[in-house]
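Please keep the sequence and the 3D view open while reading.

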Amino acid sequence: MTGTGDDAAVGGLCAVHMPRTGRTVSDLPRTELPRMGRFPAVQPGQPAIERLAPTSELIGYRGPTACAAAGITYRQLDYWARTGLLEPSVRAVYPASSHRLYSFRDILLLKIVKRLLDAGVSLQNIRVAVAHLQSVEVGDLTGLTLMCDGATVYECTTPQQVVDLLKSGQGVFGIAVGAVWQELELALGRLHAERTDTGETVVGHDPGDELAQRRNRAV
């Protein structure tokens, strides 16, 4: 049975401890009949050279897509949002006609939370680590490595810091945030998304599907 993380053992204080900063959450309107587009999206009347990467601030992802990309269940996603562990930053409070909408950064943190839970880190320490990661500039995230010993989370910004932790016997599990970023960017590029400025549904592009279609046409 997959847990939400609320039953994890409470360890000591996380070594990464910074106050959580405020985050802007906007309730963006949706069009009644959203257009369908091919990912990356190109708006009508705009040059065809426009490309929106999965990391773009103009791209948001609904709950099921976030779950698929982060490798978690919808029960976990919903629980973490309701308890404030990790709320969607694009659209959190929604009317019946709308949905939660997660940013690339949100889903990156969801993947990291999942890995920390799997490593046995307590939910209390994960909350502290998430609050710290939310305060880090997006451009600095890829240079971080998180090390944990099952109870404490350590942030490393240089290879030497990783080596020092390993020598001391403290760090037994590592998460290279840059590697998780690249993995997630590739996965989200193949999944459906939504433009945050227009509400347009953006269809993911899977090169494997396109290759299969070409082969079928050639038969």
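## Residues and helix packing

Gln76 sits in helix α2, which covers residues 74-82. The model described here is a predicted one. Is Gln76 buried or exposed? With a relative accessible area of 3%, Gln76 is buried, because buried means a value under 20%. Along the chain, Gln76 and Lys114 are 38 residues apart, and their C-alpha atoms are separated by 9.4 Å.

The chain as a whole has 8 helices and 8 strands. It contains 219 residues, and buried residues make up 44% of them. Among the contacts in the chain with a separation of 6 or more, 70% come from residues 24 or more positions apart.

Two packed helices are described by the angle between their axes and the distance between the axes.

The axes of helix α1 (residues 63-70) and helix α3 come within 9 Å and cross at roughly 50°. This angle makes α1 oblique to α3. The crossing of the two helices is right-handed. On the α1 side, the contact is made by Ala66, Ala69 and Ala70. On the α3 side, it is made by Ile107, Leu110, Lys111 and Lys114. Sorted by class, the contact of α1 with α3 has 5 nonpolar residues, no polar ones and 2 charged ones.

Helix α3 (residues 104-118) also packs with helix α4 (residues 123-135), at an angle of about 150° and with the axes 11 Å apart. The two helices are therefore roughly antiparallel, as angles over 145 degrees count as such. Here too a handedness can be given: α3 passes α4 in a right-handed crossing.

Which residues of α3 and α4 meet? From α3 come Arg105, Leu109, Ile112, Val113, Leu116 and Leu117. From α4 come Ile126, Val130, Leu133, Gln134 and Ser135. The residues of this contact divide into 8 nonpolar, 2 polar and 1 charged.

The loop between α3 and α4 holds Ala119. Ala119 has a relative accessible area of 28%, so it is partly exposed. Not counting residues up to four places away in sequence, Ala119 touches Cys148, Gly150 and Phe173. Ala119 is also 55 residues from Gly174 in sequence, while 9.5 Å lies between their C-alpha atoms.

Cys148, one of the residues that Ala119 touches, is buried, with a relative accessible area of 1%. Another cysteine, Cys156, is buried as well, at 2%. How many disulfides does the structure hold? The structure holds 0 disulfides.

Thr157 is found in the loop between strand β5 (153-156) and helix α6 (159-168). Thr157 is partly exposed, with a relative accessible area of 44%. Leaving aside neighbours within four places in sequence, Thr157 is in contact with Gly143 and Leu144. Thr157 and Asp140 are 17 residues apart along the chain, and their C-alpha atoms are separated by 9.3 Å.

What is the place of Gln182? Gln182 belongs to helix α7 (residues 177-188). At 58% relative accessibility, Gln182 counts as exposed, because the cut-off for exposed is over 50%. From Gln182 to Leu108 there are 74 residues along the chain, and the C-alpha atoms of the two are 9.9 Å apart.

The table lists the residue pairs named above with their separations.

| Residue pair | Separation along the chain | C-alpha to C-alpha distance |
|---|---|---|
| Gln76 and Lys114 | 38 residues | 9.4 Å |
| Ala119 and Gly174 | 55 residues | 9.5 Å |
| Thr157 and Asp140 | 17 residues | 9.3 Å |
| Gln182 and Leu108 | 74 residues | 9.9 Å |

Methods. Residues numbered from 1 in each chain as written. Predicted model: local features only at pLDDT ≥ 70, side-chain atom pairs only at ≥ 80, totals over all residues. Heavy atoms only, no water. Axes fitted to C-alpha atoms, helices over the stretch in contact; angles between N-to-C directions. Helix = DSSP H or I, 4+ residues; strand = E, 2+ residues; numbered from the N terminus. Parallel < 35°, antiparallel > 145°, perpendicular 65-115°, else oblique. Left-handed = near helix turned anticlockwise from the far one by under 90°. Contact = heavy atoms within 4.5 Å. Nonpolar A, V, L, I, M, F, W, Y, C, P; charged D, E, K, R; others polar. Disulfide = S-S within 2.5 Å. Buried < 20%, exposed > 50% of the residue type's maximum accessible area, 1.4 Å probe, protein only.
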